[in-house]
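Student: Please take a close look at one helix packing in this model and at the core around it. I would like one connected account.

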Amino acid sequence: MDADLTKARDIIRHNPGLIWYTKNYDHLSPEAITEAILNCGSWDNFQELRTLLGTKVLADIFSKLALQKRGNLHYLAKNYFTYYFAKYVS
């Protein structure tokens with residue numbers, strides 16, 4: 001998972017506009033990376049992250065983010081990925 005997390009951080013490193021508030025990419029959590037990509041990333045960014053972390057792990061992170069009382073997920077992203085993960089994760 002550490003190598004995959006490093007590669008996930010590289011997605012942000014190559015697209016710094018996804019997380020504009022820090023340049024310290026080596027300490028980004030999987031939750032922060034997922035949130036940034038779901039909110040602002042491209043479909044290709046999402047597919048790359050899904051390939052790295054796996055659909056199930058990504059769905060678990062999404063669930064944690066979606067259930068937060070005061071989350072930062074955009075409502076359109078939250079709605080779309082709720083349906084997406086319901087369909088593709090058993």
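Tutor: Angles of 65 to 115 degrees between axes count as roughly perpendicular. In this predicted model, the axes of helix 2 (residues 30-40) and helix 4 (residues 55-66) cross at roughly 85° and come within 10 Å. Helix 2 and helix 4 are therefore roughly perpendicular to each other. On the helix 2 side, the contact is made by Pro30, Glu31, Thr34, Glu35 and Leu38; helix 4 contributes Leu58, Ile61, Phe62, Lys64 and Leu65. Sorted by class, 6 of these residues are nonpolar, 1 is polar and 3 are charged.

Next, the core. Nonpolar side chains tend to be buried together in soluble globular proteins. Here the largest nonpolar core has 29 residues, and those touching the most other members are Ile12, Ile33, Ile37, Phe46, Leu49, Phe81 and Phe85. Two or more residues come from each of helix 1 (2-14), helix 2, helix 3, helix 4 and helix 5 (75-88). Helix 4 gives the most, with 6 residues.

Two residues show contacts in more detail. Ile33, leaving out residues up to four places away in sequence, touches Leu5, Ala8, Arg9, Ile12, Leu28 and Leu49. Asn45 lies in helix 3 (residues 43-53). The cut-off for buried is under 20% relative accessible area, and Asn45 counts as buried because its relative accessibility is 10%. Beyond its neighbours within four places in sequence, Asn45 is in contact with Ile11, Asn15, Leu18 and Ile37.

Notes: Residues numbered from 1 in each chain as written. Predicted model: local features only at pLDDT ≥ 70, side-chain atom pairs only at ≥ 80, totals over all residues. Heavy atoms only, no water. Axes fitted to C-alpha atoms, helices over the stretch in contact; angles between N-to-C directions. Helix = DSSP H or I, 4+ residues; strand = E, 2+ residues; numbered from the N terminus. Parallel < 35°, antiparallel > 145°, perpendicular 65-115°, else oblique. Contact = heavy atoms within 4.5 Å. Nonpolar A, V, L, I, M, F, W, Y, C, P; charged D, E, K, R; others polar. Buried < 20%, exposed > 50% of the residue type's maximum accessible area, 1.4 Å probe, protein only. Core = buried A, V, L, I, M, F, W, Y, C linked by side-chain atoms within 4.5 Å.
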